[in-house]
Amino acid sequence: MQFIAQDAQNLTINETFDALITFETIEHIPHPEIFLKSVFPHLKQKGKIFCSVPNEHCCPFNLSGNSFHMRHYTSEQFQKLITDAGFSIAVSYTHLRAHE
């Protein structure tokens with residue numbers, strides 16, 4: 001396993017990878033579409049991306065609640081973000097709002 005630390009929106013690597021794992025990070029990036037489009041070419045043909053973001057329906061975005069988040073996503077918004085970057089979705093899971 002190899003870990004690389006770089007500006008994900010301006011990668012300077014010439015390698016391809018089997019997997020990209022990004023849990024609870026995309027909501028911190030000002031332009032996540034740039035990030036996703038920049039990493040897509042670095043995945044091997046059968047490569048996979050594993051990612052998660054806060055669910056807007058479960059945890060509505062509130063800047064005063066977490067000043068480090070740029071936004072939260074509905075399932076539909078996140079799936080569009082992923083597919084617009086060139087990825088296809090094999091499996092999608094969603095947190096459900098707890099009953100009050």
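Which element gives the most to the lining of the second largest pocket? That one gets its reply in point 5; here are my notes in order.

1. First, the ground rules. This is a predicted model, where local features need pLDDT of at least 70 and side-chain atom pairs count only at pLDDT 80 or more, while totals for chains, interfaces and linings use all residues. Residues are numbered from 1 along each chain as its sequence is written, and side-chain values use heavy atoms, with hydrogens and water left out.

2. The overall layout: the protein chain has two helices and two strands, in the order β-α-β-α from the N terminus. Helices (H or I, at least four residues) and strands (E, at least two) are DSSP runs, numbered from the N terminus. Along the principal axes, the C-alpha atoms fill a box of roughly 50 × 30 × 25 Å.

3. Now the helix pair. The axes of H1 (residues 32-39) and H2 (residues 75-84) come within 9 Å and cross at roughly 40°; axes are lines fitted to C-alpha atoms, for helices over the stretch in contact, and angles run from 0 to 180 degrees between N-to-C directions. H1 and H2 are therefore oblique to each other (under 35 degrees counts as roughly parallel, over 145 as roughly antiparallel, 65 to 115 as roughly perpendicular, the rest as oblique). On the H1 side, Pro32, Glu33, Leu36 and Lys37 meet Leu81, Ile82 and Asp84 of H2, contact meaning heavy atoms within 4.5 Å. By class, that contact of H1 with H2 has four nonpolar, no polar and three charged residues (Ala, Val, Leu, Ile, Met, Phe, Trp, Tyr, Cys and Pro count as nonpolar, Asp, Glu, Lys and Arg as charged, and the others, Gly among them, as polar).

4. On to the largest pocket. A pocket is an open set of points on a 1 Å grid over the protein atoms alone, where a 1.4 Å probe fits, with protein on both sides within 12 Å along at least five of seven lines; lining residues have an atom within 4 Å of a point. The largest pocket is lined by 31 residues, with Ile49, Phe50, Cys51, Ile89 and Val91 nearest its centre. Strand S2 (43-52) and H2 each supply at least two lining residues, and S2 has the largest share, ten residues. Its lining splits into 16 nonpolar, twelve polar and three charged residues.

5. Last, the second largest pocket. Its lining counts 22 residues, and Gln2, Phe17, Ala19, Leu20 and Ile21 lie nearest its centre. Strand S1 (17-23), H1 and S2 are the elements giving two or more residues to that lining. As for my opening question, S1 gives the most, with six residues. By class, the lining has 14 nonpolar, six polar and two charged residues.
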